[in-house]
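The exercises below concern one protein chain. Each sets a task and then works through its solution step by step.

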Amino acid sequence: MSMVMPVIVGAGPAGVRAAEALVAQGLRPVVLDEAPRAGGQIYRQPPQGFQRSKQELYGFEHRKADAVHRAMAALLPQVDYRPGSLVWNVDGKTLDVLQDGVSTAVPYTHLILATGATDRVLPFPGWLTPGVYTLGGSQVALKYQGCAIGARVVFLGTGPLLYLVAYQYAKAGAQVAAVLDTSRAAGRRAAVPGMLRAPGLLAKGLYYMAWLRAHGVPLRSGVRPVAVQGKERVTGLTYRQGARTHTVECDALAYGLALRSETQLASLAGCEFEFNTRDRNWTPRRDAAGRSSVPGVYVAGDGAAIAGADAAELAGERAALALLEDIDRPHDAQRARTLEAQLAANSRLRTALERAFPFPEDWAQGIADDTVVCRCEEVTAGTLRQAVNDTAAQELNRLKALTRVGMGRCQGRMCGAAAAEVLAHACGRSPAEVGRLRNQPPVKPVPVRVVCLERREKVPS
């Protein structure tokens, strides 16, 4: 029997539960985690010696966070856990991993990608001003570093995370100047029947909103950002609500339009993709168990499709059971069916949430020509539109070749979604029709010497 070398990328809820299921059947997976401690973004742990309690850090979710942390702690003797490890490339059956400034090759026979998600940010005037953070970044500052991003913070965007982070900041003692939601209250009310499938989640969301209102935080719906005020630092935000324009003073802005799956490694592994209309994003094609189109590669959690922490735990376990089945190891078929049923129910809830917090489809039409879309290459919306007008480009990689959008340090991780929206609007097509950027290594910035060394070692002498 050939040796099985399973590798899990990510030690959030999905990765931890996947490792737990594999260890239960005698396997010893390698667990690669970019963070210094397990938990993922949602249950991110602060540095050792941090004094705030888990209840203060995670609120209503502190028991779930503690359960994931304890599960990983119990697994440590039985897994090869490598924190602080950035997986920056997939080359055949090998991962290129940067740890402590050194890149090493990690082979695998089976790979579970539990890579999580990041904020989706659509540019608007002033979004590059110092003091503008993503919602996720502002949450990291609070959870990991124990600090706020400013003394007076505005929260802008849409999705459950918007209200959660605003609530966490206010509870921690920060001054929340306003919560500005691009979605409309009428849409949220219409989505309530679908959200009744998860009454606990609905109750928490309503509680966050009610608590913020009770503590004097203005909540505004149906807004559109106009511009960030200030040059050297954020001094305010101008926004539009209906026919009226308002300005709120602040020294920091936390901004995000829901989440977007981190799929770069799945792409480099050769997985086929499909356009996920609900997530408005390209995600790996997979079956109900998490198997991708590439044998031996599985995707789970928010890195497969946005579903939240609870679903990530289920999906991580289900992917591990699929792996066990594929290598003819004992697996609980009944448990697998239960997990799939629970994931299907969660998917219906996600559809209701998307109705409550829809993507602002009018954004691409309203963005000014001089607004920078790709910060790495300083490509503006006007440059993208001009390329479409001059060349009749209708595909995203063609636009990349013409303008360099997505060629910078982030390799399109942050600007790809925005560029696709601008292109789709400019050529009169849908985001699904203009395609997705082809991913290139490194998926995140690494030292040039690392990439050069890798290439030198792989060139035959």
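**Exercise 1.** Classify Glu20 as buried, exposed or partly exposed, and describe its pairing with Arg17.

*Solution.* The model is a predicted one.
Step 1. The relative accessible area of Glu20 is 33%. Since buried requires under 20% and exposed over 50%, a value in between is partly exposed, and Glu20 is placed in that class.
Step 2. Arg17 has a relative accessibility of 16% and therefore counts as buried.
Step 3. Side chains of opposite charge can pair when their charged atoms come close. The side chains of Arg17 and Glu20 form a salt bridge, with an N to O distance of 2.9 Å.
Step 4. Both residues belong to helix H1 (residues 13-24); because they are three residues apart there, about one helical turn separates them. In an α-helix there are 3.6 residues a turn, so residues three or four places apart point the same way.

**Exercise 2.** Which parts of the chain does the salt bridge between Lys204 and Glu61 link, and are the two residues buried or exposed?

*Solution.* 
Step 1. The closest N and O atoms of Lys204 and Glu61 are 2.2 Å apart, and the two residues form a salt bridge.
Step 2. Lys204 and Glu61 are both buried.
Step 3. For another pair, consider Arg82 and Asp80, whose side chains meet in a salt bridge at 2.8 Å, N to O. Arg82 is partly exposed, with a relative accessible area of 25%, and Asp80 is partly exposed at 25%.
Step 4. Through shared partners, salt bridges join Glu61, Lys64, Lys204 and Asp310 into one network. The structure holds 25 salt bridges.

**Exercise 3.** Describe the packing of helix H9 (residues 309-326) against helix H10 (residues 333-356).

*Solution.* 
Step 1. Two packed helices are described by the angle between their axes and the distance between the axes. The axes of H9 and H10 come within 9 Å and cross at roughly 145°.
Step 2. The crossing of H9 past H10 is left-handed.
Step 3. From H9, the residues that meet H10 are Ala311, Leu314, Ala315, Glu317, Arg318 and Leu321; their counterparts in H10 are Arg335, Ala336, Leu339, Glu340, Gln342, Leu343 and Asn346.
Step 4. Sorted by class, this contact of H9 with H10 has seven nonpolar, two polar and four charged residues.

**Exercise 4.** Why is helix H4 (residues 135-144) described as largely enclosed?

*Solution.* 
Step 1. Eight of the 10 residues of H4 are buried, so the rest of the structure largely encloses the helix.
Step 2. The buried residues are Leu135, Gly136, Ser138, Gln139, Val140, Ala141, Leu142 and Lys143.
Step 3. These buried residues pack against H2, strand E8 (117-119), strand E9 (132-134), strand E10 (152-158), helix H5 (160-171) and E16.
Step 4. Just after H4, Gly146 has a positive phi of about 65°.

**Exercise 5.** Which backbone values are found at Ala258, at Glu378 and at the peptide bond from Pro441 to Pro442?

*Solution.* 
Step 1. Most residues other than glycine have a negative phi, and most peptide bonds are trans.
Step 2. Ala258, not a glycine, has a positive phi near 65°. Ala258 lies in the loop between strand E16 (252-257) and strand E17 (259-261) and is partly exposed at 26%.
Step 3. Glu378 likewise is not a glycine, and its phi is positive, about 55°. Glu378 is in the loop between strand E21 (372-374) and strand E22 (379-380) and, at 65% relative accessibility, counts as exposed.
Step 4. The bond from Pro441 to Pro442 is cis, with omega near 0°. Pro442 is in the loop between helix H15 (431-434) and helix H16 (448-458).

Notes. Residues numbered from 1 in each chain as written. Predicted model: local features only at pLDDT ≥ 70, side-chain atom pairs only at ≥ 80, totals over all residues. Heavy atoms only, no water. Axes fitted to C-alpha atoms, helices over the stretch in contact; angles between N-to-C directions. Helix = DSSP H or I, 4+ residues; strand = E, 2+ residues; numbered from the N terminus. Left-handed = near helix turned anticlockwise from the far one by under 90°. Contact = heavy atoms within 4.5 Å. Nonpolar A, V, L, I, M, F, W, Y, C, P; charged D, E, K, R; others polar. Salt bridge = Lys/Arg side-chain N within 4 Å of Asp/Glu carboxyl O. Buried < 20%, exposed > 50% of the residue type's maximum accessible area, 1.4 Å probe, protein only.
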